[in-house]
There are 2 protein chains.
Amino acid sequence: MKPRFNLWLESDDGVVLSAWRVRLLEAIDESGSIRAAADQLGVPYRRAWQKVHEMEGRSGIRLLETEVGGEGGGGARLTKEARDLVRRFRRFEAGLEEVILDRYDKAFGAANE
Amino acid sequence: MKPRFNLWLESDDGVVLSAWRVRLLEAIDESGSIRAAADQLGVPYRRAWQKVHEMEGRSGIRLLETEVGGEGGGGARLTKEARDLVRRFRRFEAGLEEVILDRYDKAFGAANE
């Protein structure tokens, strides 16, 4: 057996941020487009787009500055507030996996011998 | 926003123990029957039964000593090994919620002011 965990932030409307959602935002930031980020994460464009809008709705924070048209058909980049959220979430979860593995070893160590 | 988490143990076959599954085992232990435990957790009897058998299959550990027949149509009680697993899981997760709330306050504190 091995320990697993999932960590997320909720508003009254539902999930706002999770590891997956943060990866999506980071992929948009790196690639400059929702479509490229969706490809990178292996989800349909529509799903990625919906998730971003859902996060915006649930957090009340604008996450994307979209650039319509232009060469390549426009792009998307994170707002300052979105980058701040991503950074805070990464800080929130940093090292938590080690904490949980340590707890697992202490609680189940003798059971695994 | 508020932080949420989920914690579970997996074997190669899938989830073995989770907070919900441990509650199910505890409810069986307290009530002495799968049916009463299922009622307590608000799930169909069949689903509770399946989960227990799934846990047994995935962990390779016998969890229930079933008593067939007798007054009340038989019952179920946890094996010593099942009680040990429940106890270890409770130790594994004890205080983790506070750890995560503290991490949330540190990472998102200024964002909430």
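Colleague: Let's start with one residue: what is the relative accessible area of A:Val15?
Modeller: Keep in mind that this is a predicted model, where local features need pLDDT of at least 70 and side-chain atom pairs count only at pLDDT 80 or more, while totals for chains, interfaces and linings use all residues. Residues are numbered from 1 along each chain as its sequence is written, chains are lettered from A and ligands numbered from 1 in the order in which they are written, and side-chain values use heavy atoms, with hydrogens and water left out. A:Val15 sits in strand β2 (residues 14–18) of chain A; helices (H or I, at least four residues) and strands (E, at least two) are DSSP runs numbered from the N terminus. Buried means under 20%, exposed over 50% and partly exposed in between, with a 1.4 Å probe and protein chains only, and A:Val15 is partly exposed at 23%.

Colleague: Which residues does A:Val15 touch, apart from those up to four places away in sequence?
Modeller: Contact here is heavy atoms within 4.5 Å. With the residues up to four places away set aside, the list is A:Trp8, A:Leu9, A:Glu10, A:Arg21, A:Glu54 and A:Arg58.

Colleague: A:Arg58 is on that list, so what forms a salt bridge with it?
Modeller: A salt bridge needs a side-chain nitrogen of Lys or Arg within 4 Å of a carboxyl oxygen of Asp or Glu. A:Arg58 is partly exposed at 23%. Its closest N and O atoms are 3.3 Å apart in the pair, and the partner is A:Glu54.

Colleague: How many salt bridges does the rule find across the interface of chain A and chain B?
Modeller: Opposite charges can pair when their charged atoms come close. One such pair is A:Arg4 with B:Glu10, whose closest N and O atoms are 3.3 Å apart. Across the interface of chain A and chain B, the number is 2.

Colleague: What about A:Arg103: which side chain of opposite charge is nearest to it?
Modeller: A:Arg103 is in helix α5 (residues 96–112) of chain A. For charge, Lys and Arg count as positive and Asp and Glu as negative, with His and the chain ends not counted. A:Arg103 is buried yet has no salt bridge. At 6.7 Å, the nearest side chain of opposite charge is B:Glu98.

Colleague: Which residue's backbone oxygen does the side chain of A:Arg103 reach?
Modeller: Beyond its neighbours within four places in sequence, A:Arg103 is in contact with several residues of chain B, including B:Phe92 and B:Val99. The backbone oxygen in question is 2.7 Å away and belongs to B:Ala94.

Colleague: How much area is buried between chain A and chain B?
Modeller: Buried area is the accessible area (1.4 Å probe) that two parts lose on being put together, summed over both. There are 30 residues of chain A in contact with 31 of chain B. Carbon and sulfur atoms give 64% of the total, which is about 2,900 Å².

Colleague: Which residues of chain A lose the most area to chain B?
Modeller: Together they account for 23% of what that side buries. They are A:Met1, A:Arg88 and A:Arg103.

Colleague: Which element gives the most to the side of chain A that touches chain B?
Modeller: Elements giving two or more residues are β1 (2–11), α4 (80–93) and α5 of chain A. With 11 residues, the top contributor is α5(A).

Colleague: And what pattern does chain A follow along its sequence?
Modeller: Chain A has 5 helices and 4 strands. Of its 113 residues, 41% are buried. Read along the sequence, the order is β-β-α-α-α-β-β-α-α.

Methods:
Polar contact = N/O pair within 3.5 Å; in protein donor to acceptor, adjacent residues only side chain to side chain.
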